[in-house]
Amino acid sequence: MTEINREWLLAQRPTGEPDLDCFELRETDVPAPAPGELLVRTRFLSVDPYMRGRMRDAESYAEPWAVGDPLRGGVVGEVIESESDAYAAGDLVTGEGRWADYATLDADDVAPVDPSVADPEAYLGVLGMPGRTAYFGLLEIGEPKPADTVVVSGAAGAVGSVVGQIAKRAGCRVVGFAGSDEKTAWLTDELGFDAAINYRTTDDYRAALDEAAPDGVDVYYDNVGGPITDAVFTRLNLDARVAVCGQIAHYNDEETPTGPRKLPGLIPTRARVEGLLVSDFASRFGEASERLGRWVASGELEHRETVVEGLENAPDAFLGLFAGDNIGKQVVRVSTAE
């Protein structure tokens, strides 16, 4: 085992859109696990849009990083050394670790990875936090019913792609917004969406919705915010449900933009708008993992990962989220199986 451990730190807080100057790669010693801990060699590292909020010096649902702190995120890794009876060297686990070659993780805070169900990187996407976010956000907040029309923004991402497929399982008409012709084709041709709108080449979102969702919108799963959400709000049906999962269109804004005032439209429609934090459903993660795993193993739930090679490229992978580089889940391959 190498004696050097590389890890990424927050070098400075971004102003507006982050750039590579916000990240610093440092070499340290490989940590030693304490009792109850595991030394894990990172195989795959997750990058997620919510991490942008942790770069701000402001209160949020996720604790902000201090300048100089190691960056953290979901990882899949191999246990190299175990100080716990629950896991042995060679086991694959997933949990929250550092953006690093090696990290120590509390054995109580990780879960096993079963490569017979799906490739390990899927445990950072469809079988990880994004999949559970899609599952609970749609089923518990969206409450889809057969013949409902479900609209998903950010539909070709890790969360949105799962939302749409679960909605199809529920008998719904599903419409997705995504940022390229390749992405919209993936949604309709492979994932079974009924329609998909390329927001980059569409000038009139309302007109596009009228064509793709002629009966209006019963459930809106919002990962994006901005003009797409403004348009969808004008097409909400009576008793519509809106799950607000993310607002990536605004994560780099320095000032909160004031868009069209859509709240009056909620009065005649009696639509319900509810924010979503997947951690609120932590006591039911086992339920979601079991069902998602069964659907993936049977081929009923498709998934895709965009893999960026090398820990040294983790900041590029993160910045690529805001450029729409990924289809499905964006992950970094840090090391390979030996």
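1. Arg169 is partly exposed, at 42% relative accessible area (partly exposed sits between buried, under 20%, and exposed, over 50%, using a 1.4 Å probe and protein chains only). Its salt-bridge partner is Glu300, with the closest N and O atoms 2.8 Å apart (a salt bridge needs a side-chain nitrogen of Lys or Arg within 4 Å of a carboxyl oxygen of Asp or Glu). Arg169 belongs to helix H3 (residues 160-169) and Glu300 to the loop between helix H8 (285-298) and strand S14 (305-309), so this pair links parts 131 residues apart in sequence. Glu300 is partly exposed too, at 43%.

2. A quick word on what you're looking at: this is a predicted model, where local features need pLDDT of at least 70, side-chain atom pairs count only at pLDDT 80 or more, and totals for chains, interfaces and linings use all residues. Residues are numbered from 1 along each chain as its sequence is written, and side-chain values use heavy atoms, leaving out hydrogens and water. Helices (H or I, at least four residues) and strands (E, at least two) are DSSP runs numbered from the N terminus.

3. The closest N and O atoms here are 3.6 Å apart. Arg304 is partly exposed at 32%.

4. Now look at Arg98 and Glu7, whose side chains form a salt bridge at 3.0 Å, N to O. Arg98 is in strand S5 (residues 92-98) and Glu7 in strand S1 (residues 4-10), so the link spans 91 residues of sequence. Glu7 is buried at 2%, while Arg98 is partly exposed at 32%.

5. Across the whole structure, the search finds 18 salt bridges.
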